[in-house]
Every structure is written in structure tokens, then in C-alpha cells.
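Could you take me around the charged side-chain pairs in this model, one selection at a time? I have the viewer open and would like to know what to click next.

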Amino acid sequence: MTTTAVPTAVRHAPTGTTTYRESCVARGGQERTGAPLRDVPSPPDPDGEGVDELGAAFAAGDEDAIREAYRRWATLVHTVALRSLGTVADAEEVTQQVFVEAWRGRHRFDPTRARLPAWLLGITRHAVADAHERRSRDQRLAAAAPVAPATVGGDDDRVVDAVVVADELDRLGDPQRTILRLAFYEDLTHDQIATRLDLPLGTVKSHVRRSLARLRNRWEVDGAVG
């Protein structure tokens, strides 16, 4: 009876472990002595190549890093915002806000504790929550605004309202002042205003919404409404 010698490295392997040679025998029924070990390729990084290096460059203030971050993850941020807010205009505004806030607050980003895409999604969640809060506040303000009844002195009231509006518009900064003037006095639509001022449609709608809310707040404080 012939006895096959067992290599020392295999013979003294701890109980319950499987050596590379044993796995070769189990698969092929024959040990291939001296067969080279094959490197198993690592799975692709779901965040893309060089994400850690990109995060470090972003934290260091490299302007190329913010451009690359926008190229890689703006669509992701926009998709998350759109699913929650439901409108393209609001999603576009949130996307722009996220990357502006991220760049301004890059000193708070620690690439050793979080990856850049995860950090951007955290900012996105806060921006979406703020957008929902603004939307609810604007809806409450619109519902609370009283409707002026028709009176004999309606023409005089309209003159006074026009003077009040003009004064309040002068107190707004641009581009809000210009946008509201085009909307009030030239009766332009949001699309027409966006075309004339070469601004994104979402930006125009956002300025109109916020400016009207600001005007309404001032009128309530000054007693012009009620």
C-alpha cells in the first residue's frame, strides 16, 4: 500500500480551516503543486473611482473637485429632491442650493469620517425639508391673506395699493425687484420673464414666490393689510 506524504503546511493547518491546496483538491480531485495563486479582482466602488481622493481635494478647497462632484452626483441630488417635492422647478432649486451650501461649508466635511456623496445627500435631505417648510408657510400666508371687498371708493383703493406696491418693490433688491416689476407692470408670464432676463424658469418662480411672501409679511407688519 502506497502512502502519499501530506505537506507540512497542510498537515498542521488548524482544525476547521480550508487551505488553498485543499480547496484545489476538492474542486479538481488533484492537487496542482506550485500552481500560482490567482488574484481575485475587487468589486467596483459603487461611488465611482477615486472618490476618496476627490473628497480630500474637495475638503482642501480644490475648485476642480466641486465641478467633478457636481458632474457625478447632481443627477442623484436632483432625483432625490424631485421624488420628495414633486416639481422640476423646486428640484432644480434644491440641487443648486445643495452644491452651493456644500462648497461654502466644505470646512465642515471630514473625508476621513464620511464619503463626499453621502455628505451631499445629507445636505440634500435638509434642503428638501426646508423646501417643504417654505411651501407650507407660503400656503398658510396665501390662505390668511384677506380679500378686499368691492367698495365705492375702489378706484382710490387701487391707487393706494399701487403706491404701496411700488414702495415695497423699491425696498427689494435685484433680481427680485426687476422680476416683480415685469410681472406686475408688464404682465409677463414666468416663462417670458425667464427668457428676457436669461434666468432659469425655476429661479424666476422661486424669486416671485419668496418676494410675494416678503411683501405680504411687510404689509401685515405695517398694517397695510387688514
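This is a predicted model: local features need pLDDT of at least 70, side-chain atom pairs count only at pLDDT 80 or more; totals for chains, interfaces and linings use all residues.

Residues are numbered from 1 along each chain as its sequence is written, and side-chain values use heavy atoms, with hydrogens and water left out.

**First stop.** A search of the whole structure gives 5 salt bridges (a side-chain nitrogen of Lys or Arg within 4 Å of a carboxyl oxygen of Asp or Glu). Select Arg67 and Asp64: their side chains form one at 2.3 Å, N to O. The two sit 3 residues apart in helix α4 (residues 63-85), so about one helical turn separates them. Helices here are DSSP runs of H or I with at least four residues, numbered from the N terminus. Asp64 is partly exposed at 46% relative accessible area; buried means under 20%, exposed over 50%, and partly exposed in between, with a 1.4 Å probe and protein chains only.

**Second stop.** Now pick Glu68 and Arg71, whose side chains meet in a salt bridge of 2.5 Å, N to O. Arg71 is exposed at 58%, whereas Glu68 is partly exposed at 22%.

**Third stop.** Through shared partners, salt bridges link Glu68, Arg71 and Arg72 into one network.
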